[in-house]
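Please look over the sequence and the model below before reading on.

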Amino acid sequence: MSDRKGNRPKIGIVSNSIGVFSDQGKEVAETQMKALLEDLKKEQLVSDDSFFYPKRIFGPTEADEVADRFAAEQVDALV
C-alpha cells in the first residue's frame, strides 16, 4: 500500500523465466532491475517498502504464490 508520507506507490517486482534463456542473461537482467528499484527508492519515487520477489518463477503455480504474496503485502503495482 502506498506510503502515507509522500503517497509513493509500493511496488513488487518478480522475475519470470523459461529454460531457454541463459542463466547469465537472467542474472544480469535481475541485477539491473534490483539496481533500478534501489535508485527509485533513493529518489523517493517508490515506497521504501517496495521489494523484489526473492525467487525466480517459472510457471502458473509459482505465479499464484507471488500473487498471494503481493496481495498480502498490498502492493500498488507489480513489475
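A residue is called buried when its relative accessible area is under 20%, exposed when that area is over 50%, and partly exposed in between, with a 1.4 Å probe and protein chains only. The model is a predicted one, in which local features need pLDDT of at least 70 and side-chain atom pairs count only at pLDDT 80 or more, while totals for chains, interfaces and linings use all residues. Residues are numbered from 1 along each chain as its sequence is written, and side-chain values use heavy atoms, with hydrogens and water left out.

Because arginine 69 and glutamate 73 are 4 residues apart in helix H2 (residues 60-73), about one helical turn separates them; helices are DSSP runs of H or I with at least four residues, numbered from the N terminus. Lys10 joins Arg69 and Glu73 in a network of salt bridges.

In total, the structure holds 7 salt bridges. In another of these pairs, lysine 26 meets aspartate 23, with the closest N and O atoms 3.7 Å apart, and since the two are 3 residues apart in helix H1 (residues 23-42), they too are separated by about one helical turn. Lysine 26 counts as buried at 9% relative accessibility, whereas aspartate 23, at 53%, counts as exposed. Glutamate 38 and lysine 41 also form a salt bridge, with the closest N and O atoms 3.7 Å apart, and they stand 3 residues apart in helix H1, about one helical turn from each other. Here glutamate 38 is partly exposed at 39%, while lysine 41 is buried at 16%.

Turning to the nonpolar residues, the largest nonpolar core has 7 residues, namely Val14, Phe51, Tyr53, Ile57, Val66, Phe70 and Val75. Such a core is a set of buried Ala, Val, Leu, Ile, Met, Phe, Trp, Tyr and Cys residues joined through side-chain atoms within 4.5 Å. Leaving aside residues up to four places away in sequence, valine 14 touches Tyr53, Lys55, Ile57, Val66, Phe70 and Val79, where contact means heavy atoms within 4.5 Å.

Conventions:
Salt bridge = Lys/Arg side-chain N within 4 Å of Asp/Glu carboxyl O.
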